[in-house]
Amino acid sequence: HPSFFYLWLMHTLDGEVVQMHFTTVDYVIFALLLVASAGIGLFYAFSGGRQRTTQEFLMADRSMSCLPVSLSLLATFQSAVAILGAPSEVYTFGTEYWFLGCSYFLGLLIPAHVFIPVFYRLRLSSAYEYLELRFNKTVRICGTATFIFQMVIYMGVVLYAPALALNAVTGFDLWGAVLAMGLVCTLYTALGGLKAVMWTDVFQTVVMFAGQLAVIVVGTSQAGGIAEVWRKAINGSRISGLDLNPNPLERHTFWTLGVGGVFLMLALYGVNQAQVQRYLSSRTEKEAVMSCYVVFPCQQVVLCLGCLMGLVMFARYGEDSPLDKGYMVLYFVMDVFRDLPGLPGLFVACLFSGALSTISSAFNSLATVTMEDLIKPHFPNMTESKATLLSKGLALGYGLVCLAMAYIASIMGSMLQAAFSIFGMVGGPLLGLFCLGMFFPWANPIGAVVGLVSGLVMAFWIGIGSFVMRMSVPTPAPALNATALPLFDNITTTVMNTTAKSAGVKALYSLSYMWYSAHNSATVVVVGLIVSLLTGIHMYCVASGHVAHHYIAASPTSVTLQTSLLFSFLSSFMLEVITELYVLICFQNPAVRTCYIVFR
């Protein structure tokens with residue numbers, strides 16, 4: 001089959017190929033995952049406020065503590081693709097991928113102290129409401145439409161991929177698995193609201209960790225211990241050093257992973273509605289910020305588990321393994337666990353946990369932006385009961401759309417990679433749009449719209465162009481084409497296997513996928529500022545200053561005035577920090593610094 005994810009997991013015994021199957025215990029463990037997830041949804045549907053208001057259904061009454069928020073943030077984009085992709089990446093190319101962890105610090109610190117204060121203090125429900133407060137309604141609708149397109153395309157693939165894996169492992173009916181997972185996810189999301197989604201995320205995160213740890217522990221034991229795993233990895237050149245090559249066309253270096261990864265993290269944890277909604281559900285701004293800090297070590301653990309699993313795979317198979325034939329991680333799991341009933345079911349439950357957490361977050365965030373950005377503005381007098389009922393209907397509707405998209409994914413073949421790419425390509429322009437609004441007070445609505453369109457055009461041009469270029473050049477794929485999966489928490493693109501480097505404009509097609517978010521968000525900002533300059537920057541700045549002036553005497557509850565002061569303050573603050581750092585570095589003489597301060 002042309003799809004990269006069609007895996008037939010076979011075990012060779014004395015030249016005979018035997019398909020592996022689940023035992024009864026494996027099926028029971030897998031069924032328990034679905035039952036427990038549905039049970040959490042039903043619990044929140046019939047307890048507490050029983051999801052009778054939109055605030056409870058969409059925002060969890062803004063009552064969540066730090067722990068469930070942080071674990072939900074972690075689980076939202078830690079899908080089956082990431083669980084399978086990272087070990088394959090490390091097995092094939094070595095531990096260079098681990099340097100992605102260097103990007104996590106700034107990638108979570110900046111959202112904690114820049115984006116969260118903006119969204120939380122404005123008491124928003126949809127992140128795109130900020131775009132209307134900062135620019136106008138047109139910009140808000142453009143941002144919302146872009147996000148809906150991004151998530152609808154993606155969630156069907158996320159649902160289909162692990163169901164396909166289950167079919168490959170056990171021979172279980174493919175569409176039975178798709179329907180079971182899709183309907184269970186739709187059930188607990190539509191009935192239990194955001195509280196159910198977040199607490200199932202917590203449960204599913206535990207299952208994901210348990211599944212990965214079980215594979216690593218058993219695999220390490222069978223390979224002769226961690227020392228033997230490390231020795232074989234060193235001998236096989238799988239322990240990578242620090243590659244400081246600054247060439248952006250190189251797929252993985254310290255700069256592409258550690259710096260380019262920051263922008264990927266910002267697109268995911270800074271402005272994505274699924275994550276913003278979790279920040280806004282926190283009881284206080286302090287707990288929302290703290291949740292970002294808690295995610296940091298959790299992300300490091302997830303990354304280390306993926307890398308370690310890849311090394312254990314290499315210690316078991318070496319250079320000559322079934323993975324060279326395209327059998328990937330699932331062959332390894334079934335091979336390691338073939339004499340341990342229950343553990344294969346645990347790992348497949350781990351995969352499905354990643355998928356369920358991602359899909360449920362998509363349903364809930366899509367229902368929220370549709371309700372808040374597209375429906376409520378046109379029906380301001382809608383009663384709370386009708387709004388809540390409609391929100392539940394939207395969550396249910398998006399669940400059915402997800403099933404339809406899963407069917408489309410089944411007939412897309414090799415275009416599955418393009419579907420994954422679309423998710424990554426859209427994240428950068430949305431990041432650029434929010435940065436344009438928060439950091440550049442002189443940017444106007446026309447510049448924002450033109451900048452967003454330019455960023456999307458650039459993203460699709462490079463992403464699709466590189467995909468087509470790879471398809472047109474027949475080259476042997478490294479150890480399963482699934483290393484072309486979006487490894488970085490589902491937000492990267494699939495441009496992983498770079499073929500021949502091109503010159504001129506075509507060189508953009510060889511740009512490392514880790515730079516996509518930075519490149520596309522920068523396009524939005526640059527084009528947005530130029531267009532703003534050409535379409536009336538002076539008048540817009542005067543208007544902004546006028547609003548900010550009146551803020552001083554206004555009520556602090558005025559959302560519009562808060563926004564004006566906020567983005568003006570952020571820009572001024574950044575300039576102050578840069579200036580102060582320059583003075584401290586360049587003027588070592590205390591007398592010079594004193595004169596500078598007096599002058600100011």
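Predicted model: local features only at pLDDT ≥ 70, side-chain atom pairs only at ≥ 80, totals over all residues.

Next I picked Phe 434 and listed what it touches. Leaving out residues up to four places away in sequence, I found Phe 119, Ala 127, Tyr 128, Tyr 130, Leu 131 and Val 271.

**Helix H5**

How far apart are the end C-alpha atoms of H5? I worked it out first: H5 has 19 residues, 103–121, so at 1.5 Å a residue the helix should span 27 Å. The end C-alpha atoms are 27 Å apart, which agrees.

I also looked along the helix for a bend. H5 bends by about 40° at Phe 115, and Pro 117 follows within four residues. Just after H5, I noted a positive phi of about 55° at Arg 123.

**Thr 368**

I moved on to Thr 368, which sits in helix H15, residues 343–375. Is this threonine buried or exposed? Its relative accessibility is 0%, so Thr 368 counts as buried. Setting aside neighbours within four places in sequence, I listed its contacts as Leu 58, Ser 125, Gln 273, Gln 277 and Asp 373.

**Cysteines**

A disulfide is a covalent bond between the sulfur atoms of two cysteines. For Cys 304, the nearest cysteine sulfur belongs to Cys 307 and is 6.5 Å away, and Cys 304 is in no disulfide. At 37% relative accessibility, Cys 304 counts as partly exposed. I put Cys 142 down as partly exposed too, because its relative accessibility is 26%.

**The whole chain**

Last, I stepped back to the chain as a whole. I counted 22 helices and two strands. Of its 600 residues, 60% count as buried. The chain exposes about 22600 Å², and carbon and sulfur atoms supply 71% of that area. For contacts between residues at least 6 apart in sequence, I noted that 83% join residues at least 24 apart.

Methods
Residues numbered from 1 in each chain as written. Heavy atoms only, no water. Expected span 1.5 Å × (residues − 1). Bend = angle between axes of the 7 residues up to and from the residue. Buried < 20%, exposed > 50% of the residue type's maximum accessible area, 1.4 Å probe, protein only. Contact = heavy atoms within 4.5 Å. Areas by Shrake-Rupley, 256 points an atom, 1.4 Å probe, with all protein chains shown as cover. Disulfide = S-S within 2.5 Å.
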